[in-house]
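Me: I am new to this structure. Please walk me through it with a few questions.

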2 protein chains.
Amino acid sequence: MSANSRLTIAAHALTWIGLYQRRGHEVATSEQIATSVNTNPVVIRRLLAKLSKAGLADSRRGAGAGWMLARDLEAITLLDVYQAIEPGPVFALHRATPNPECVVGHGIGPAMTAVYDDVEAALRRELAKTTLEDVLRDVLKAA
Amino acid sequence: MSANSRLTIAAHALTWIGLYQRRGHEVATSEQIATSVNTNPVVIRRLLAKLSKAGLADSRRGAGAGWMLARDLEAITLLDVYQAIEPGPVFALHRATPNPECVVGHGIGPAMTAVYDDVEAALRRELAKTTLEDVLRDVLKAA
DNA sequence: CTTGATGTAACAATTTTTGTTACATCTTTG
DNA sequence: CAAAGATGTAACAAAAATTGTTACATCAAG
């Protein structure tokens with residue numbers, strides 16, 4: 001289906017920073033994170049830029065620069081991360097506007113939108129149940 | 001985000017057939033449906049083929065051919081339709097496998113999968129609440 | 001046996017997502 | 001105050017997913 005990996009990558013990045021800081025480091029660079037995620041540093045910076053705007057991460061510039069958490073892992077839910085990356089809708093309506101002359105073509109958009117809104121609300125409620133601390137715990141348990 | 005429009009189109013098609021039949025017609029052609037949806041008939045046939053495999057619609061071939069519902073609108077939920085179109089995952093994991101040498105890179109996949117499974121379960125529960133009869137009622141109310 | 005539709009493969013076009021290059025900018029440190 | 005090492009971001013490239021189109025074999029009613 002649609003499905004992009006941004007929530008996964010964003011959660012990965014924040015969790016990585018959290019663990020790294022917990023091990024005594026001040027900041028993590030986008031390059032270090034990118035190595036763990038296995039992608040390009042710019043991809044990480046782009047995501048962290050959004051997380052920063054949302055108040056989940058902070059960056060320091062200049063020499064010895066890098067990223068740090070703005071809040072503890074425990075205080076960040078996956079819903080926070082989800083909202084931060086500005087997700088599009090889970091389900092799309094028609095690409096081309098359906099025939100407005102047809103009763104169904106005319107009314108189906110609003111009808112489905114109402115359902116999709118409820119679905120997304122449920123999705124958010126579910127994401128809100130898990131914090132990054134939970135994620136890290138799960139990660140460490142697997143090791 | 002990702003988001004494709006297949007669920008929307010499939011629901012549209014089935015609702016259209018349902019209303020058409022309710023108005024006294026035996027079958028609906030993919031061309032008629034495509035006109036309401038504003039797309040190519042083959043797109044409709046492809047989707048209806050899946051809905052047919054899932055036991056939601058039936059086709060008749062030969063002259064005077066077309067599509068009909070296999071069950072009443074009331075007996076088809078949006079979850080039925082969703083399952084029928086074989087949706088991919090809502091959230092994707094990493095495109096390239098993350099660094100397995102890294103604790104986070106190693107454990108994040110399973111950790112996120114667990115969350116995503118719960119999210120999809122919630123999504124399904126929500127879709128199950130609405131039948132195509134509900135959708136049609138909403139559509140007609142808007143007219 | 002003609003007609004009008006389905007069934008489906010194969011391909012084309014579009015859009016979305018991800019990756020890459022490049023470089024201006026900032027701040028610590030020597 | 002210059003050098004070093006990182007962020008911030010635009011612009012472009014590549015890859016993947018989605019949707020649209022063409023083509024044609026097949027089927028069944030009349």
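**Core, helix and loops**

Me: Which residues of chain B does A:Leu127 touch?

Reply: Residues up to four places away in sequence are not counted here, and contact means heavy atoms within 4.5 Å. Within chain A, A:Leu127 touches A:Leu7, A:Thr77, A:Leu78, A:Leu79 and A:Tyr82. Across in chain B, the partners of A:Leu127 are B:Phe91, B:Val115 and B:Val119.

Me: What kind of model is this?

Reply: Residues are numbered from 1 along each chain as written, chains are lettered from A and ligands numbered from 1 in written order, and side-chain values use heavy atoms, without hydrogens and water. Local features need pLDDT of at least 70, side-chain atom pairs count only at pLDDT 80 or more, and totals for chains, interfaces and linings use all residues, since the model is predicted.

Me: How many residues does the largest nonpolar core have?

Reply: A nonpolar core joins buried Ala, Val, Leu, Ile, Met, Phe, Trp, Tyr and Cys residues through side-chain atoms within 4.5 Å; buried means under 20% relative accessible area, exposed over 50%, and partly exposed in between (1.4 Å probe, protein chains only). A:Leu48, A:Leu51 and A:Leu127 are among those with the most contacts inside the largest core, and so are B:Leu48, B:Leu51 and B:Leu127. The number of residues in this core is 92.

Me: What is the relative accessible area of A:Glu86?

Reply: A:Glu86 sits in the loop between α4 and α5 of chain A. Its phi is near 50°, positive although the residue is not glycine. A:Glu86 is exposed, and its relative accessible area is 55%.

Me: Near what value is phi of B:Asn38?

Reply: B:Asn38 lies in the loop between α2 (30-37) and α3 of chain B. This residue is partly exposed, with a relative accessible area of 39%. Most residues other than glycine have a negative phi. For B:Asn38, phi is positive, near 70°.

Conventions. Helix = DSSP H or I, 4+ residues; strand = E, 2+ residues; numbered from the N terminus.
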